[in-house]
Amino acid sequence: MLEVKPEFLEQMKLSEEFNASACINCGTCTALCPMEIGLLPRHLFRYVLMGIEEKVIENTENIYSCLLCKMCEDNCPAGVHIAENVRALRSYLNETVYRL
Ligand code: SF4
Ligand code: SF4
């Protein structure tokens, strides 16, 4: 059973703007990603919006595999700040989970 942590979303919002709710799930980002990261942002960002931290931790490798190239973001019809959102996830993992 997945645990919902409302404070997780609060912490994400505090660190940076997280506009993942604008996503219309079109799949363009998945099709264009050179790293074939199909999870970002359509699934993983949704988990964030739902406050499910464990799914973010589970996908640490994917989060750090992103090149921040913005191939996805530049072609996103909904204007989702994908690269910034990935940075926000990294900041959260660094500071809150791994205490780096
Ligand atoms: S391209 Fe934009 S709107 Fe489409 S799935 Fe990716 S983030 Fe969502
Ligand atoms: S910014 Fe990251 S998720 Fe987006 S296309 Fe580049 S590698 Fe893939």
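Which of the 15 residues around ligand 1 come nearest? In this predicted model, they are Cys-23, Cys-26, Thr-28, Cys-29 and Cys-76. When the shell around ligand 1 is divided by class, eleven of its residues are nonpolar, three are polar and one is charged.

Around ligand 2 there are likewise 15 residues, and here Cys-33, Cys-66, Cys-69, Met-71 and Cys-72 come nearest. Two elements, helix 6 (71–74) and helix 7 (82–97), each give two or more residues to this shell. Its division by class is 14 nonpolar residues and one charged residue, with no polar residue in the shell around ligand 2.

The loop between helix 6 and helix 7 holds Gly-79, which counts as exposed because it has 10 C-beta neighbours inside 10 Å, where 12 or fewer is the limit for that class. Although Gly-79 and Cys-23 are 56 residues apart along the chain, their C-alpha atoms are separated by 8.0 Å, and Cys-23 is itself one of the residues that come nearest to ligand 1.

Taken as a whole, the chain has seven helices and zero strands, so that its pattern along the sequence reads α-α-α-α-α-α-α. The radius of gyration of the chain is 13 Å, which agrees with the value near 13 Å that a compact globule of 100 residues would have, and the C-alpha atoms fill a box of roughly 30 × 25 × 25 Å along the principal axes. Of the 100 residues, 25% count as buried, while among contacts between residues at least 6 apart in sequence, 73% join residues at least 24 apart.

Definitions and conventions:
Residues are numbered from 1 along each chain as its sequence is written. Chains are lettered from A and ligands numbered from 1 in the order in which they are written. This is a predicted model: local features need pLDDT of at least 70, side-chain atom pairs count only at pLDDT 80 or more; totals for chains, interfaces and linings use all residues. A residue is near a molecule or strand if its C-beta atom, placed from the backbone, lies within 6 Å of it. Helices (H or I, at least four residues) and strands (E, at least two) are DSSP runs, numbered from the N terminus. Ala, Val, Leu, Ile, Met, Phe, Trp, Tyr, Cys and Pro count as nonpolar, Asp, Glu, Lys and Arg as charged, and the others, Gly among them, as polar. A residue is buried if 20 or more other C-beta atoms lie within 10 Å of its own, exposed if 12 or fewer, and partly exposed in between; C-beta atoms are placed from the backbone. The radius of gyration is taken over C-alpha atoms; the globule rule is 2.2 Å times the number of residues to the power 0.38. Two residues are in contact if their C-beta atoms, placed from the backbone, lie within 7 Å.
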